[in-house]
Amino acid sequence: MVTDLKNILNSWEPLKDKQEWVLATLYQIEGSSYRKLGAMMLISSLGQRLGMLSGGCLEADIQRHAKQVMSTLTSKTISYDATDEDDLTFQLGIGCGGIVHILLQPIHKANEYLQLEHMRKALNDNIAGHYLQQVNPIIPSGCGEFALNAEQQGLSINRKAQLIEINDATFLDISIYPAPHILIVGGGADAVPVYTLAKQLGWSVTVWDTRPANAKRQYFTNADAILRSKPNQLREYCIENKVDAVVLMAHSVELDASVLCVLADIAFKYIGLLGPKHRRAQVLTQANTSLEKVKSPVFGPVGLNLGGDSPESIALSLISEIHAVFSNKNATSLSNWGNEKC
């Protein structure tokens, strides 16, 4: 299932003139909601859905309304109220107990495809931006405006949205960020589930390994890049391609240290060293550096304390930790401190 914005738009682009499309956007939430403000979904005339606005419970009904928008080429808003006994959401016994408001807009050449093409290009170029949609009064023909913001920093998992007032009209302003980019150092068998989970989240993934037997494309089919360059060439690559996190898991102190040595002065959001603490010390010593000298936060042993020792369990633990760091969250159970999301 395609759920991240970059892949949603890349899947839509070659089909944009072959089918009719509607953009569905979650523009207002009262109480709790499965998705956050600004979540988007594309729906085609052939029934294809790219993205989700709920846990799967509302999509069929949203699609029904989308067909009306396609036939009339007129935007509309719909609401689902899980607090109302007469509402569909309540009757199905689903939802998060809140009220969600969704804007449906037709997508076609006459309205510049709601400028989704501009957004897609920016995301593919790793450039941030803002997306504006007028929600009140509604624009019948549909309207979306995307503006670049090359100075804006952030990650797609932290996308923020807010309702703003401009000239007596209400707009949904969505901050659009490129997907996170991680570098996996080491292309062994245990790197495959790490790569797989990251790609399922919509992240960009680069795999580096100088050993011919490792990092084979057949095992990392959708990796954004597989590199076999010398370690000193990685520094320029990470800067140019805006790498956010590095995982050192080559199972070679020498290889891990050679990479850490050239990347120590770059401020990544995360550097992880697979293995126990004494191995971390070995890698730091061989790299002729220390935790204090490395500009990035260093995690080692990597991962959250989830239990399990299989490659898949370790990958889940590792990716969960990176996700928490990217989101600036403490990775504790939601049941311990509140109920922001059902």
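**Terms and the values behind them**

Analyst: Start with Cys261. This is a predicted model, and in it Cys261 has a relative accessible area of 46%.

User: Why is Cys261 called partly exposed?

Analyst: Buried means under 20%, and exposed means over 50%. Cys261 has 46%, so it is partly exposed.

User: What makes Cys143 partly exposed?

Analyst: The value for Cys143 is 23%. That lies between the cut-offs of 20% and 50%, so Cys143 is partly exposed.

User: How many disulfides are there?

Analyst: The count comes to 0 disulfides.

User: How do you know that Cys261 is in no disulfide?

Analyst: The nearest cysteine sulfur belongs to Cys238, 14 Å away.

User: Is Ser204 buried or exposed?

Analyst: Ser204 has a relative accessible area of 7%. Buried means under 20%, so Ser204 is buried. Ser204 lies in strand S11, residues 204–208.

User: Which residues is Ser204 in contact with, leaving aside neighbours within four places in sequence?

Analyst: They are Lys6, Pro180, His181, Ile182, Lys199 and Asp224. Lys199 itself lies in helix H5, residues 191–200.

User: Why is Lys199 called partly exposed?

Analyst: Its relative accessible area is 23%. Buried means under 20% and exposed over 50%, so Lys199 is partly exposed.

User: Which residues does Lys199 contact beyond its neighbours within four places in sequence?

Analyst: Lys199 is in contact with Ser204, Val205, Asn222 and Asp224. Look at Ala223 too: Lys199 and Ala223 are 24 residues apart in sequence and 7.8 Å apart in space, C-alpha to C-alpha.

User: In what order do the 4 strands of the open sheet come?

Analyst: The order is S7-S6-S9-S8, with antiparallel pairing. The twist averages 30° from one strand to the next.

User: What makes S7 and S8 edge strands?

Analyst: Each pairs on one side only. S7 covers 145–148, and S8 covers 161–166.

User: How do you know that S8 and S9 pair?

Analyst: There are 6 bridges joining S8 to S9. Pairing takes at least two bridges, so S8 and S9 pair. They run antiparallel, and S9 spans residues 169–176. Ile164 stands opposite Phe171 in S9.

User: Which helix lies across S6, S7 and S9?

Analyst: Helix H4, residues 116–124, lies across these strands. H4 runs at about 30° to S7.

User: Which residues have the most contacts inside the largest nonpolar core?

Analyst: They are Leu183, Val246 and Leu263, in a core of 28 residues. Helix H7 (253–263) is among the elements that give two or more residues to this core. H7 gives the most, with 6 residues.

User: Why might such side chains gather?

Analyst: In soluble globular proteins, nonpolar side chains tend to be buried together.

User: Which residues does Val246 contact, leaving aside its neighbours within four places in sequence?

Analyst: Among them are Leu183, Val185, Leu263 and Phe268. A second, separate core has 24 residues, including Ile8 and Ile174.

User: Which residues does the "domain: XdhC- CoxI" annotation cover?

Analyst: According to the unreviewed UniProt entry, residues 16–81. In the model, that span is 21% helix and 35% strand, and its end C-alpha atoms lie 32 Å apart.

Notes
Residues numbered from 1 in each chain as written. Predicted model: local features only at pLDDT ≥ 70, side-chain atom pairs only at ≥ 80, totals over all residues. Heavy atoms only, no water. Buried < 20%, exposed > 50% of the residue type's maximum accessible area, 1.4 Å probe, protein only. Contact = heavy atoms within 4.5 Å. Disulfide = S-S within 2.5 Å. Axes fitted to C-alpha atoms, helices over the stretch in contact; angles between N-to-C directions. Core = buried A, V, L, I, M, F, W, Y, C linked by side-chain atoms within 4.5 Å. UniProt positions renumbered as here; feature names shortened; annotations may be inferred.
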